[in-house]
2 protein chains.
Amino acid sequence: MDHSLSTLFQARYGAAAPEAAIPSNAVLEALLSHRSVRAFLPDALPEGALETLVAAGQSASTSSNLQAWSVVAVEDPGRRARLAELSGRQGFVAKAPLFLCFIADTSRLRRLGERHGQPMEGLDYLEAFIVAAVDAALAAQNVVVAAESLGLGTVYIGALRNKPEEVGQELGLPPGAMALFGLCVGRPDPAAPAQIKPRLPQATVLHRERYDASAEAAAVEDYDTTLAGFSAAQGIGAQGWVGRMLKRVGTAADLHGRDAMKATLRRMGFPLR
Amino acid sequence: MDHSLSTLFQARYGAAAPEAAIPSNAVLEALLSHRSVRAFLPDALPEGALETLVAAGQSASTSSNLQAWSVVAVEDPGRRARLAELSGRQGFVAKAPLFLCFIADTSRLRRLGERHGQPMEGLDYLEAFIVAAVDAALAAQNVVVAAESLGLGTVYIGALRNKPEEVGQELGLPPGAMALFGLCVGRPDPAAPAQIKPRLPQATVLHRERYDASAEAAAVEDYDTTLAGFSAAQGIGAQGWVGRMLKRVGTAADLHGRDAMKATLRRMGFPLR
């Protein structure tokens with residue numbers, strides 16, 4: 001496979017690819033080569049891989065060094081199957097040998113406050129949940145990049161938010177801790193290779209100095225065609241981006257129970273003031 | 001510099017470092033070597049660097065391919081200075097040649113819905129803000145890793161959330177778009193080299209099968225000592241982790257105005273139902 005930047009830009013943007021104007025390197029090629037994997041071999045991870053992934057995650061930045069995240073590594077097949085069931089019955093969740101549950105975690109700071117007689121009022125606010133969610137996401141993305149460098153494949157499971165309380169019970173989470181998303185990790189099944197998915201044209205996402213959506217409508221139409229072609233080639237139907245988006249967030253019912261998130265989080269120890 | 005994994009684990013965890021049990025590679029070493037840079041040379045970025053960084057960001061996963069994020073690239077010195085002023089007067093924000101504002105962006109999907117006569121009700125919920133924030137964070141972390149591979153340094157600026165409406169006006173953000181954090185990007189000033197910051201012991205963050213905080217208190221005390229030693233060596237005072245945390249989230253006043261985030265976001269077009 002040709003891993004040059006311009007080839008990778010083509011795969012990511014199709015005809016709308018920007019010019020690859022700078023010298024490439026192994027890290028850039030790794031990042032640009034990302035694709036989500038949904039078919040895994042059952043092989044366990046190599047010894048020491050999990051610790052290395054978590055070290056990569058902890059090497060990401062964290063807001064004010066609060067480190068308001070945790071990860072629960074699930075390998076037990078029964079628990080993986082139960083979490084798959086709680087995550088919209090996505091079968092591959094049970095098949096990946098390792099399922100990492102990334103936790104937006106203010107509970108560690110709560111416990112610290114309790115030991116030091118400090119109420120930690122700052123954790124009562126929506127801002128604290130934002131910090132915890134961003135911390136967890138930054139760490140998780142480093143874990144993904146590290147996993148791919150080891151020849152492993154990954155896919156994020158946002159559906160772990162469909163039933164946060166049930167997931168919390170399964171994982172024994174304390175108040176102030178919530179599973180934000182899961183991550184399947186395992187060796188990709190070579191019989192079902194994943195491809196690089198095209199994204200919106202760069203000009204739609206990147207703005208210079210000030211936000212400018214004036215050319216957006218036409219660019220989105222182009223992307224709709226690009227994605228429909230990609231999907232057809234993958235044998236997953238020829239629907240483009242627009243139809244999928246209208247269906248995904250068109251109504252509250254499309255949220256699969258996540259429209260109750262605010263009340264759920266409050267019950268789970270995030271006051272969200 | 002010795003970039004072997006075990007050396008990097010030592011720098012990240014001090015005496016509590018896990019054993020480096022797997023073969024290293026260039027990507028792992030890049031991830032583990034991360035440090036935040038707060039002193040920049042004024043040199044502009046190489047031609048094509050910004051497009052490459054954004055391509056790396058867009059290569060990150062995104063929830064259901066919603067791509068609910070944008071980035072505003074600010075190079076204009078006057079605008080950088082105004083954003084530095086809005087971000088708690090952190091002087092280095094104005095000094096980095098490029099300031100990337102990462103936007104939690106539901107507005108693109110709103111506009112899509114408007115063009116297709118679909119109310120996009122799903123965007124009215126807290127869940128949509130979570131999706132946008134996680135999408136933005138995953139993309140941003142890829143940008144950081146890509147930037148470091150080009151010899152650039154970065155630092156996240158969470159203080160961009162201190163005054164979200166003023167920042168939104170400066171960047172011309174539409175309703176449903178909010179600057180989640182900033183990222184300074186530039187060539188590190190070799191006169192002020194940054195060091196790898198120690199993190200909590202891995203056992204405090206990584207849980208197996210179920211969440212277990214039983215050994216946490218002792219591990220946190222150890223970390224407090226490690227971080228105090230690191231800070232003293234950096235000449236930034238000998239305060240450990242515990243004191244900093246109690247001060248950072250102890251009271252609502254410590255949030256620097258971010259205790260008003262919920263009402264602010266609602267005014268900015270995130271109903272957060």
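**View 1. A:Arg258 is a buried residue, with a relative accessible area of 6%.** The model shown here and in every other view is predicted. A:Arg258 sits in the loop that links helix 11 (241-249) and helix 12 (261-267) of chain A. Its side chain makes a polar contact of 2.8 Å with the side chain of A:Asn162.

View 2. Strands of a sheet pair through backbone hydrogen bonds, in parallel or antiparallel fashion. Strand 3 of chain A and strand 4 (residues 177-186) of chain A run antiparallel, joined by 5 bridges. A:Gly153 has A:Gly186 of strand 4 of chain A as its bridge partner.

**View 3. Helix 6 of chain B is mostly covered.** Of its 9 residues, 7 are buried. They are B:Ser107, B:Arg108, B:Leu109, B:Arg110, B:Arg111, B:Leu112 and B:Gly113. The cover includes helix 9 (202-205), helix 10 (216-234) and helix 11 of chain A. Strand 1 (69-74), strand 2 (98-105) and strand 4 (177-186) of chain B also cover these buried residues. After helix 6 of chain B comes B:Gly117, with a positive phi near 65°.

**View 4. Helix 4 (residues 77-86) of chain B packs with helix 8 (residues 164-171) of chain B.** The angle is about 170°, and the axes are 10 Å apart. The two helices are therefore roughly antiparallel to each other. Helix 4 of chain B contributes B:Arg79, B:Arg82, B:Leu83 and B:Leu86 to the contact. Helix 8 of chain B contributes B:Glu166, B:Val167, B:Glu170 and B:Leu171. By class, this contact has 4 nonpolar and 4 charged residues, and no polar ones.

**View 5. Helix 10 (residues 216-234) of chain B packs with helix 11 of chain B.** Here the angle is about 95°, with the axes 7 Å apart. Helix 10 and helix 11 of chain B are therefore roughly perpendicular to each other. From helix 10 of chain B come B:Val220, B:Tyr223, B:Asp224, B:Leu227 and B:Ser231. From helix 11 of chain B come B:Trp241, B:Val242, B:Gly243 and B:Arg244. The contact has 5 nonpolar, 2 polar and 2 charged residues.

**View 6. B:Met120 has a positive phi without being a glycine.** Most residues other than glycine have a negative phi. For B:Met120 the value is about 55°. B:Met120 lies in the loop between helix 6 (107-115) and helix 7 (126-149) of chain B. B:Met120 is buried, at a relative accessible area of 1%.

**View 7. B:His256, not a glycine, also has a positive phi.** Phi of B:His256 is near 55°. B:His256 is found in the loop between helix 11 (241-249) and helix 12 (261-267) of chain B. B:His256 is exposed, with a relative accessible area of 55%.

Note on methods. Residues are numbered from 1 along each chain as its sequence is written. Chains are lettered from A and ligands numbered from 1 in the order in which they are written. This is a predicted model: local features need pLDDT of at least 70, side-chain atom pairs count only at pLDDT 80 or more; totals for chains, interfaces and linings use all residues. Side-chain values use heavy atoms; hydrogens and water are left out. Axes are lines fitted to C-alpha atoms, for helices over the stretch in contact, and angles run from 0 to 180 degrees between N-to-C directions. Helices (H or I, at least four residues) and strands (E, at least two) are DSSP runs, numbered from the N terminus. Angles under 35 degrees count as roughly parallel, over 145 as roughly antiparallel, 65 to 115 as roughly perpendicular and the rest as oblique. Contact means heavy atoms within 4.5 Å. Ala, Val, Leu, Ile, Met, Phe, Trp, Tyr, Cys and Pro count as nonpolar, Asp, Glu, Lys and Arg as charged, and the others, Gly among them, as polar. Buried means under 20% relative accessible area, exposed over 50%, partly exposed in between (1.4 Å probe, protein chains only). A polar contact is a pair of N or O atoms within 3.5 Å; within protein, one must be able to donate a hydrogen and the other to accept it, and residues adjacent in sequence count only if both atoms are side-chain atoms. Two strands pair if DSSP finds at least two bridges between them.
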